[in-house]
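Hi,

Here is the structure I promised to pass on. Have a look first, and then read my notes below.

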Amino acid sequence: MNSKDLTWPVLKALNDLYEKKKTGAKIQENDFIRYLMMQTDLIAQKKGNNKILIAQDGYEEYYEDHFYAAYKYYYDFLNLMNIRPDGGKNFTEEDIRTLILIYESRNELKDKLSNIEDFSAKIFDYAGSKYLKHKDSVRNAVLKILEIEEFPQSNKDLQYRLVVDYINPKAIILCENKSFLKQPWNANELEVKLWYVGGNNISIVDDIDEMELIYPIYYSCDWDFDGLKIYQRISNKLKKRGVDVKILIPTTPHLYLPTNSFKHYSRWDYKLDFSGLDRKLFSSNAQELIAKLVKDDLWIEEESNVLKEMYFHNLNDIC
């Protein structure tokens with residue numbers, strides 16, 4: 001189940017099942033709830049009243065493993081923003097994560113504010129340029145977070161410095177995609193800073209303060225041709241400043257995807273050895289993984305990894 005599809009009322013009901021062992025929320029037609037009812041037996045209808053769902057054996061452990069930390073973070077954030085956290089708002093989980101990212105980078109975003117279509121396309125890239133215009137609850141939440149009454153009319157071609165900060169970090173992790181920044185508890189748990197540096201957004205690497213270059217720097221990305229080429233560009237940029245950046249190698253088992261996956265447009269270059277990548281920038285383990293990906297025409301999506309596991313896996317040099 002993709003987090004884009006879980007709404008806040010469903011998340012609230014899942015928490016009620018954890019805390020109260022039951023819920024009367026009207027969620028039984030939700031695909032994820034039906035999965036929990038029919039394929040895992042973790043929740044069930046109450047005998048004599050099928051409008052009530054009750055938690056079954058194993059649900060508490062399942063919830064703690066998959067939802068507890070995130071839900072608490074979401075709930076505290078919505079309270080902080082004075083946005084009703086009672087299930088009334090029909091935000092998706094991805095909406096909430098994006099609102100948290102906006103809050104973390106609110107000063108940068110407010111200083112470089114573009115029109116609503118451009119902002120929506122770049123920040124709510126999973127939903128498109130028209131999303132904020134048509135989803136009032138999300139748009140109003142964005143306006144509240146940025147402390148503005150409306151978006152400007154003019155369009156600006158801007159690159160946003162999206163950052164999840166941590167005081168006195170042990171490292172900086174540059175991320176090709178926004179997913180890990182939308183889980184800011186990663187920064188707290190790992191004691192690191194997270195920067196969004198992907199695609200055509202890598203010029204912000206030039207703006208990294210010299211004081212921050214004293215920290216170890218890692219790069220998390222899609223393991224496909226485009227992602228690895230971006231890593232090379234970043235690596236070369238930072239080498240000119242006397243800094244080495246280490247790519248985070250995904251932990252096993254890998255969730256391989258075919259390169260012709262839906263809406264995936266990155267392809268390996270079979271005309272060149274090692275797809276034209278610079279072997280010197282990759283460890284022997286990284287080279288072995290890349291060789292397999294090229295040979296079998298596969299890729300690994302950044303979001304399929306667990307950042308905590310991947311970070312410590314590489315930190316301990318066991319990859």
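This is a predicted model: local features need pLDDT of at least 70, side-chain atom pairs count only at pLDDT 80 or more; totals for chains, interfaces and linings use all residues.

Is N82 buried or exposed? N82 is exposed, at a relative accessible area of 63% (exposed means over 50% relative accessible area, buried under 20%, partly exposed in between, with a 1.4 Å probe and protein chains only).

Residues are numbered from 1 along each chain as its sequence is written, and side-chain values use heavy atoms, with hydrogens and water left out.

Most residues other than glycine have a negative phi, and most peptide bonds are trans. N82 has a positive phi, near 55°, and sits in the loop between α4 (68-80) and α5 (93-104). (Helices, H or I of at least four residues, and strands, E of at least two, are DSSP runs numbered from the N terminus.) N168 is another non-glycine with a positive phi, about 50°, in the loop between β4 (163-164) and β5 (171-175). N168 counts as exposed too, at 62% relative accessibility. Then there is a cis peptide bond between T252 and P253, with omega about 0°; P253 lies in the loop between β8 (245-247) and β9 (256-258).

Next, helix α1. Its twelve residues reach 16 Å from first C-alpha to last, close to the expected 16 Å (the expected span is 1.5 Å times one less than the number of residues). The helix is mostly covered, with ten of the twelve residues buried, including W8, L11, L14 and Y18. N15 in α1 is buried as well, at 5% relative accessibility. Leaving aside neighbours within four places in sequence, N15 is in contact with Y63 and Y71 (contact means heavy atoms within 4.5 Å). Just after α1, K21 takes a positive phi of about 70°.

Last, an open sheet of three strands, ordered β1-β3-β2 with antiparallel pairing (two strands pair if DSSP finds at least two bridges between them). β1 (22-23) and β2 (43-46) are at the edges with a single partner strand each, so one side of each has no neighbour in the sheet. Four bridges join β2 to β3 (residues 49-55), and K46 stands opposite N49 in β3.

Cheers
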